[in-house]
Amino acid sequence: MSDTQSLQVFQPPADFVSQAAISGMEAYRALCAEAERDYAGYWARLAREHLSWKVPFTRTLDESQAPFFKWFDDGRLNVSYNCIDRNIEAGLGEKTAIIFESDDGTVSRVSYKDLLVRVSRFANALKASGVKKGDRVVIYLPMSVEGVVAMQACARIGATHSVVFGGFSAQSLRDRINDAGAVLLITSDGQCRGGKSLPLKPIADEALALGGCESIMKVVVWQRTGAECAMQAGRDVFWQDFVAGRADFCEPEWVEAEHPLFLLYTSGSTGKPKGVQHSTGGYLLHAVLTMKWTFDLKPNDVFWCTADIGWVTGHTYIAYGPLACGGTQIVFEGVPTFPDAGRFWKMIQEHKVSVFYTAPTAIRSLIKAAEATATVHPRNYDLSSLRLLGSVGEPINPAAWMWYYENIGGSRCPIVDTFWQTETGGHMITPLPGVTPLVPGSCTLPFPGIQAAIVDETGTELDWGKGGILVVKRPWPSMIRNIWGDAERFKKSYYPDDFNGQLYLAGDGATRDAQTGYFTITGRIDDVLNVSGHRMGTMEIESALVSHPLVAEAAVVGRPDDLTGEAICAFVVLKGIRPEGDAAKKMIKDLQDHVGKQIGPIAKPKDIRFGENLPKTRSGKIMRRLLRSLAKGEEVTQDTSTLENPAILDQLRRGV
Ligand code: WT7
């Protein structure tokens, strides 16, 4: 895998240009020009054409309380109605909405009609147990039809869900329940991944026992693994008992367009994870538009997004977008490497997947597996059903792009490298398959109507060809509305005073090609790491480390990693003497387990180094830039003359 090969340009294939929803650069430019001419009018037109409203809106964009923007705010609609009922009304009742494949390969299908019944019964059960519009419901479930049903049921009654990824720890779950003030928790006895059965309800019990979750009135437990699990009388109820006897139809709650559809916690550069609050109308509009324009979803497509519902990708491109477009999609419980690393390719073949959306980290690990074991190489599978590929979560390196293009897409399928964030709700900068000539490694051009730009520290827009700070110049419908319970932090994080509160700060650096204006994302400019496409704050990991009784101080940085994009590297000062040899190895394992227990396995540092101290300036500031060089194994070229304790560098240079 070499990244030095000269980069080709891949023109949109003729069949895309002739039939794609947006076909040809002229059509793209016309949309951008329309938005330029009449920004609010453009989005209003799309919102009327692509969503079904119970009460039509008359106001499009309200900027009077900037940066707390409102879209379509006097309109009313229901997301679940838009995702299910309107498809049935359009004659798609018998169409398969979800093809579910379990970890062990068992396949089941859910039609739109079935989905309406399952969502309605669960929604009615929620209502009967006292959950009301605006109440928060935390969902801690594995990948399942039940996960989608629970989310849709919340949307149906106007409850605001907050999904917590099943890999997060009891402490992380507790913090999210506490911050959201949730009234109900939906979980399962356990989950099946890679042939193993793992507990979930015991972790939920542990979370609730930590205290601070007193707002929880009820815990609904879906029995997935059949594992024995303790049920607390009066609080816990099994899913089938919860829905027993509930009516097959639930009238949707018609909510205001600005009503919070969900909160989703994500990491920032400081403090605890923030509850990103999304709207109903604006969010759904972008989910639908990007399904149609970026993924060019057609009635006969089989769409597969491999994300987990615990992340925003699984919200927009599993729970909502595909359904809102009447699509057929795969929901997969398992992992890409079980029973072997050919699992994805086998599933694409068997279900005739036509649009496939995954993360660079998965591609890189499957390249490695295919190179090591011939039988799991994609050439052994019939992937001819594919017509479009997508990438998300982190920059895709050109070598991985080329492999994906040639080996999975048969040099026939465009790749949409979609740049976006939890906060943006949907794609922001992305190729459109019938429009954009592709350059491996570049997410190319803004989605029509999105005003992305690159600025310097003063907020001045830079000429193409220069690198700087990625911003969005105008509010857009699917943007974050607030940080739950912390409006000040919302302003500080996304509309900082540095830019007079006028520009949305993405937190990424980017460059634009001098000729084409194509964007390339160069990575986070704050203390946020991206490990295997998962977002993690260095401060969170540091807090987890120092909560260990033997740790005096810790500093965490990222370093480039061939497989995971970035890897977590921790520099630790212990309270006792600095360990060496086997003692150090044991301590590393202890600390990794400790972080896993505090946050979740995805946050375990790959590399831990011990010092008697950390490199600090005379004023006591940790020199993180130096630590980043040490983590990479580079020679330290920075000026170390301001360093209080230069001798420490030798201790930290090498791991154990
Ligand atoms: C961060 C957002 C987008 C949903 C999943 C991650 C990075 C995301 C790309 C891409 C380069 C990307 C950015 C961004 N990122 N997509 N196509 N190319 N970088 O959502 O957890 O909120 O993380 O992921 O750094 O800020 P998230």
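**Close-up views of a predicted model**

**View 1. The crossing of helices α16 and α17.** In this predicted model, the axes of helix α16, spanning residues 538–546, and helix α17, spanning residues 581–598, come within 9 Å of each other and cross at roughly 115°. The crossing of these two helices, α16 and α17, is right-handed. On the α16 side the contact is made by Ile 541, Ala 544 and Leu 545, while α17 contributes Leu 591, His 594, Val 595 and Gln 598. Sorted by class, the residues of this contact between α16 and α17 comprise 5 nonpolar and 2 polar residues, with no charged residue among them.

**View 2. The shell of residues around the ligand.** The ligand is surrounded by 17 residues, of which the closest are Asp 417, Thr 418, Thr 422, Asp 508 and Arg 535. Three elements of secondary structure, namely α11 (312–324), β20 (415–418) and β25 (519–524), each supply at least two residues of this shell. By class, the shell around the ligand is made up of 6 nonpolar, 6 polar and 5 charged residues.

View 3. A nitrogen atom of the ligand has a polar side-chain atom of Asp 417 at 2.8 Å.

View 4. Most peptide bonds are trans. The bond from Ala 66 to Pro 67, however, is cis, with omega near 5°, and Pro 67 is placed in the loop between β1 (61–62) and β2 (70–71). A cis peptide bond also joins Phe 338 and Pro 339, where omega is about 0°; Pro 339 belongs to the loop that runs between strand β17 (328–332) and helix α12 (343–351).

**View 5. A positive phi at Phe 72.** Most residues other than glycine have a negative phi. Phe 72, although it is not a glycine, has a positive phi of about 55°. This residue, Phe 72, is found in the loop between strand β2 and strand β3 (76–77).

Conventions:
Residues are numbered from 1 along each chain as its sequence is written. This is a predicted model: local features need pLDDT of at least 70, side-chain atom pairs count only at pLDDT 80 or more; totals for chains, interfaces and linings use all residues. Side-chain values use heavy atoms; hydrogens and water are left out. Axes are lines fitted to C-alpha atoms, for helices over the stretch in contact, and angles run from 0 to 180 degrees between N-to-C directions. Helices (H or I, at least four residues) and strands (E, at least two) are DSSP runs, numbered from the N terminus. A crossing is left-handed if the near helix is turned anticlockwise from the far one by less than a right angle, and right-handed if clockwise. Contact means heavy atoms within 4.5 Å. Ala, Val, Leu, Ile, Met, Phe, Trp, Tyr, Cys and Pro count as nonpolar, Asp, Glu, Lys and Arg as charged, and the others, Gly among them, as polar. A residue is near a molecule or strand if one of its heavy atoms lies within 4 Å of it. A polar contact is a pair of N or O atoms within 3.5 Å; within protein, one must be able to donate a hydrogen and the other to accept it, and residues adjacent in sequence count only if both atoms are side-chain atoms.
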